[in-house]
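Colleague: I would like to go through this model with you. I will ask what each label rests on, and you set the value against the rule.

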Amino acid sequence: MTNNDIFKKLRVALMLRDDEIVEILKLVDFKISKSEIGALFRKEDHPKYVECGDQILRNFLNGLVIHLRGTKENPKIPKEVIYNAKTVESQPTKPIPEPPSKPAYKGPKKENIPDISYVKYKNKKKS
């Protein structure tokens, strides 16, 4: 199992987006761009694939510890951090406007429909 596989599995398990990974790496003063992270998560046969080095994975794991546990001066509870991240993602960022109110559907109008249960046809041939 390569470092890329480990990184991918952590990303999926923790439901992290690229910008969140960049923020986690900034916690340990490791600067990396979104495009470089995207190159790490590509398939191995892709021409832009980049192998994840030990330094990147080590810094990500150290940043993840700080992200989830906090520092000695400012400790956090990991479950709350994960729960808050999920609730923030599930809430829409913009309020959803309500659709204009329409009258409730009452079905087809039955007032002017003639009764067609028995119809006498008058299409006789003339001789």
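Colleague: Which residues touch the most other members of the largest nonpolar core?

Modeller: This is a predicted model, where local features need pLDDT of at least 70, side-chain atom pairs count only at pLDDT 80 or more, and totals for chains, interfaces and linings use all residues. Residues are numbered from 1 along each chain as its sequence is written, and side-chain values use heavy atoms, with hydrogens and water left out. Now the core: among its 18 residues, Phe-7, Ile-21, Leu-25, Ile-37, Ile-56 and Phe-60 touch the most other members.

Colleague: What makes a set of residues a nonpolar core?

Modeller: The members must be buried Ala, Val, Leu, Ile, Met, Phe, Trp, Tyr or Cys, joined through side-chain atoms within 4.5 Å. Buried means under 20% relative accessible area; exposed means over 50%, and partly exposed lies in between (1.4 Å probe, protein chains only). In soluble globular proteins, nonpolar side chains tend to be buried together.

Colleague: Why is Phe-60 called buried?

Modeller: Its relative accessible area is 0%. The limit is under 20%, so Phe-60 is buried. Phe-60 touches Phe-7, Leu-10, Leu-16, Ile-21, Ile-24 and Leu-25, leaving aside residues up to four places away in sequence. Contact means heavy atoms within 4.5 Å.

Colleague: Why is the pair of Phe-7 and Phe-60 called tilted?

Modeller: Rings of Phe, Tyr and Trp (its six-membered ring) pair if their centres lie within 6.5 Å; planes under 30 degrees apart count as stacked, over 60 as edge-to-face and the rest as tilted. Phe-7 and Phe-60 are 4.6 Å centre to centre, with 50 degrees between the planes. The pair is therefore tilted. The count comes to 2 aromatic pairs, and Phe-7, Phe-41 and Phe-60 form one aromatic cluster.

Colleague: What does the pair of Phe-7 and Phe-60 tie together?

Modeller: Phe-7 lies in helix 1 (residues 3–13) and Phe-60 in helix 4, so the pair ties together parts that are 53 residues apart in sequence. Phe-7 is also buried, at 1% relative accessibility.

Colleague: Asn-59 is polar by its side chain atoms that reach a backbone oxygen. Is it buried or exposed?

Modeller: Asn-59 is buried: its relative accessible area is 12%, and the limit is under 20%. It lies in helix 4. Its side chain reaches the backbone oxygen of Gln-55 at 3.0 Å. Asn-59 also touches Leu-25, Val-28 and Phe-30, not counting residues up to four places away in sequence.

Colleague: How do you know that Arg-11 and Asp-18 meet in a salt bridge?

Modeller: The rule asks for a side-chain nitrogen of Lys or Arg within 4 Å of a carboxyl oxygen of Asp or Glu. Arg-11 and Asp-18 come to 3.3 Å, N to O, so they qualify. Arg-11, at 25% relative accessibility, is partly exposed. Asp-18 is partly exposed too, at 21%. A search of the whole structure finds 4 salt bridges.

Colleague: What joins Arg-17, Asp-19 and Glu-20 into one network?

Modeller: Arg-17 bridges to Asp-19, with the closest N and O atoms 3.4 Å apart. Glu-20 bridges to Arg-17 at 3.9 Å. Salt bridges that share partners join the three residues into one network.

Colleague: Why is Asp-29 called exposed, and Met-15 partly exposed?

Modeller: Asp-29 has 71% relative accessibility, over the 50% limit, so it is exposed. Met-15 has 42%, so it falls in between. Asp-29 sits in the loop between helix 2 and helix 3, and Met-15 in the loop between helix 1 and helix 2. Neither is a glycine, yet phi is positive: about 60 degrees for Asp-29 and about 55 degrees for Met-15.

Methods:
Helix = DSSP H or I, 4+ residues; strand = E, 2+ residues; numbered from the N terminus. Polar contact = N/O pair within 3.5 Å; in protein donor to acceptor, adjacent residues only side chain to side chain.
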